[in-house]
Amino acid sequence: MNAADQAHSPELAQAIASAVTLFRAAFPDARANLTPWRDDPQTRRFDERANLDFSLHFPGWSPRLESRSLLVQLHLEGSPQGSPSARPRLLGVLIRGMTYESERWRFTTLGDWQPSGSHLPHPAVVDTLQDLCRGLFELFDSAPAQYRDGGGLAA
């Protein structure tokens with residue numbers, strides 16, 4: 001679901017803004033869009049309230065990213081009962097490298113945290129995506145224990 005439509009509390013609005021700021025710091029040329037999905041009946045059929053979706057668009061083709069845009073989907077657990085203003089827990093992240101024609105690659109925090117697809121981003125960009133995801137888990141304070149302790153990915 002569009003991140004802009006999900007900002008029902010100041011805490012969640014701040015978390016969304018902070019998530020976008022993380023990406024903008026890594027990709028300063030990118031333009032953020034908090035409403036990447038159209039508001040039409042067909043799109044609403046796939047509405048997932050437990051997701052925060054935003055996109056980043058680059059001014060042209062990015063050879064290091066092998067794409068023109070990134071679609072970022074944050075998969076959340078609902079707000080804890082008894083504290084509706086609290087930030088929901090981040091369960092996972094899915095980032096897709098997109099062109100006008102199709103998805104070129106996808107990166108997810110499930111499994112080995114490596115991209116898959118037809119045209120993979122440069123290895124340095126993969127490192128950046130991994131760091132961004134660690135930052136997102138810290139932001140939502142739901143990092144797996146190995147990241148809370150300052151560790152990285154298992155080799």
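Me: Two strands pair if DSSP finds at least two bridges between them, and helices (H or I, at least four residues) and strands (E, at least two) are DSSP runs numbered from the N terminus. Over how many bridges do β2 and β3 pair here?

Reply: A quick note on the source: this is a predicted model, where local features need pLDDT of at least 70 and side-chain atom pairs count only at pLDDT 80 or more, while totals for chains, interfaces and linings use all residues. Residues are numbered from 1 along each chain as its sequence is written, and side-chain values use heavy atoms, leaving out hydrogens and water. Now, β2 (residues 51-62) and β3 (residues 67-77) pair antiparallel over 8 bridges. Follow L56: A32 has L56 as its bridge partner in β2, and L56 has L70 as its partner in β3.

Me: Which residue in the hairpin of β2 and β3 takes a positive phi?

Reply: That's E66, with phi near 55°, in a hairpin with 4 residues between the strands.

Me: Is R104 buried or exposed?

Reply: Buried means under 20% relative accessible area, exposed over 50%, partly exposed in between (1.4 Å probe, protein chains only). R104 sits in strand β5 (residues 103-108) and comes out at 17%, so it's buried. Beyond its neighbours within four places in sequence, R104 has contacts (heavy atoms within 4.5 Å) that include W61, G97 and H119.

Me: How many aromatic pairs are there?

Reply: Rings of Phe, Tyr and Trp (its six-membered ring) pair if their centres lie within 6.5 Å; planes under 30 degrees apart are stacked, over 60 edge-to-face, the rest tilted. The count here is 4. Take F23 and F54: their centres are 5.6 Å apart with planes at 80°, so they're edge-to-face. F23 is in helix α2 and F54 in strand β2, so the pair ties together parts 31 residues apart in sequence. F23 is buried at 0%, and F54 is buried at 1%.

Me: What are the centre distance and plane angle for F27 and F58?

Reply: It's 5.8 Å and 90°, so edge-to-face. F27 lies in the loop between α2 and β1, and F58 in strand β2, 31 residues apart. Both are buried. Ring pairs also link F107, W113 and F137 into a cluster.
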